[in-house]
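Here is my note for you, point by point. Have the model open and click along as you read.

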Amino acid sequence: MDDRLRQPEIEVVGAVIVRDGLVLCAQRGPDGSLSGKWEFPGGKVEHGESGRLALEREIDEELRCVVKVGDEIATTRYDDGRVVVVLTTFWCRIVSGTPQLTEHTALRWVAPGALDGLDWAPADVPAVELVATRLAP
């Protein structure tokens, strides 16, 4: 394929934060794309930054807490017609602080079996399915 015809790619990371058997889900705010959709919190990977470091930075910025980033869950690609979102999700746990709303409309701790009841951003859907399966009793 001609490189000039390829859509730009954005590398993003998401944190699957688990506490007491529940998963932290974040609802996108009204000012960005996919307003109102649910996602695993995180954000863009900056130039020269690893996915793990980007996730630590993004969670500090977005939720005002510190996480320990664990194993990778999945990397998925979603083409929205303008850009290709390459999302890598990681298992995470909070090591200090309590998640606070700064950019999201809502935060919710959800049982793994109820994750599919939220209206997820398309790039997160494959990871949601994996998380629900892996955390199922």
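1. Start with the largest pocket, which holds about 710 Å³ of space. For the search, a 1 Å grid is laid over the protein atoms alone; a pocket is an open set of points with protein on both sides within 12 Å along at least five of seven lines, while a cavity is a set of points where a 1.4 Å probe fits but cannot get out. Grid points are joined across faces, edges and corners, and the volume is the space filled by probe spheres set on the points.

2. A word on what you are looking at: this is a predicted model, where local features need pLDDT of at least 70 and side-chain atom pairs count only at pLDDT 80 or more, while totals for chains, interfaces and linings use all residues. Residues are numbered from 1 along each chain as its sequence is written, and side-chain values use heavy atoms, with hydrogens and water left out.

3. Who lines the largest pocket? There are 28 lining residues (those with an atom within 4 Å of a point), and Val12, Arg28, Ser33, Leu34 and Glu39 lie nearest the centre. The lining divides into 12 nonpolar, 7 polar and 9 charged residues. Here Ala, Val, Leu, Ile, Met, Phe, Trp, Tyr, Cys and Pro count as nonpolar, Asp, Glu, Lys and Arg as charged, and the others, Gly among them, as polar. Strand 1, strand 4 and strand 6 each supply at least two lining residues, and the largest share, 4 residues, comes from strand 1.

4. Now follow strand 1 (9–19). Helices (H or I, at least four residues) and strands (E, at least two) are DSSP runs, numbered from the N terminus, and two strands pair if DSSP finds at least two bridges between them. Strand 1 runs parallel to strand 6, with 9 bridges joining them; look for Ile10 opposite Val85. With strand 4 (residues 42–44), strand 1 pairs in the antiparallel sense over 3 bridges, and there Gly14 has Gly42 as its bridge partner. Strand 1 is also antiparallel to strand 2, joined by 2 bridges, with Val18 partnered by Val23.

5. Check the hairpin of strand 1 and strand 2, which has 2 residues between the strands. Asp20 sits in this loop and has a positive phi of about 55° although it is not a glycine. Most residues other than glycine have a negative phi. Is Asp20 buried or exposed? Asp20 counts as exposed, at 72% relative accessibility. The cut-offs are: buried under 20% relative accessible area, exposed over 50%, partly exposed in between (1.4 Å probe, protein chains only).

6. At 46% relative accessibility, Arg64 is partly exposed.

7. Why do we call strand 2 largely enclosed by the rest of the structure? Because 5 of its 6 residues are buried. Strand 2 is joined to strand 7 by 5 bridges, and the two run antiparallel. Strand 2 also pairs with strand 3 (residues 38–39) in the antiparallel sense, over 2 bridges. Gln27 is a handy landmark: it stands opposite Ala106 in strand 7, and in strand 3 the bridge partner of Gln27 is Trp38.

8. Finally, turn to helix 2 (residues 125–134), where Ala127, Val128 and Val131 are buried. They cover an arc of only 105° around the axis, which puts them on the same side of helix 2; the arc is that of the directions from the helix axis to the C-beta atoms. What covers these buried residues includes strand 1, strand 2, strand 5 and strand 6, where contact means heavy atoms within 4.5 Å. The face turned away from the buried side carries the exposed residues Glu129 and Thr133.

9. Gly113 is exposed, with a relative accessible area of 71%. Gly113 and Leu135 are 22 residues apart in sequence and 8.4 Å apart in space, C-alpha to C-alpha.
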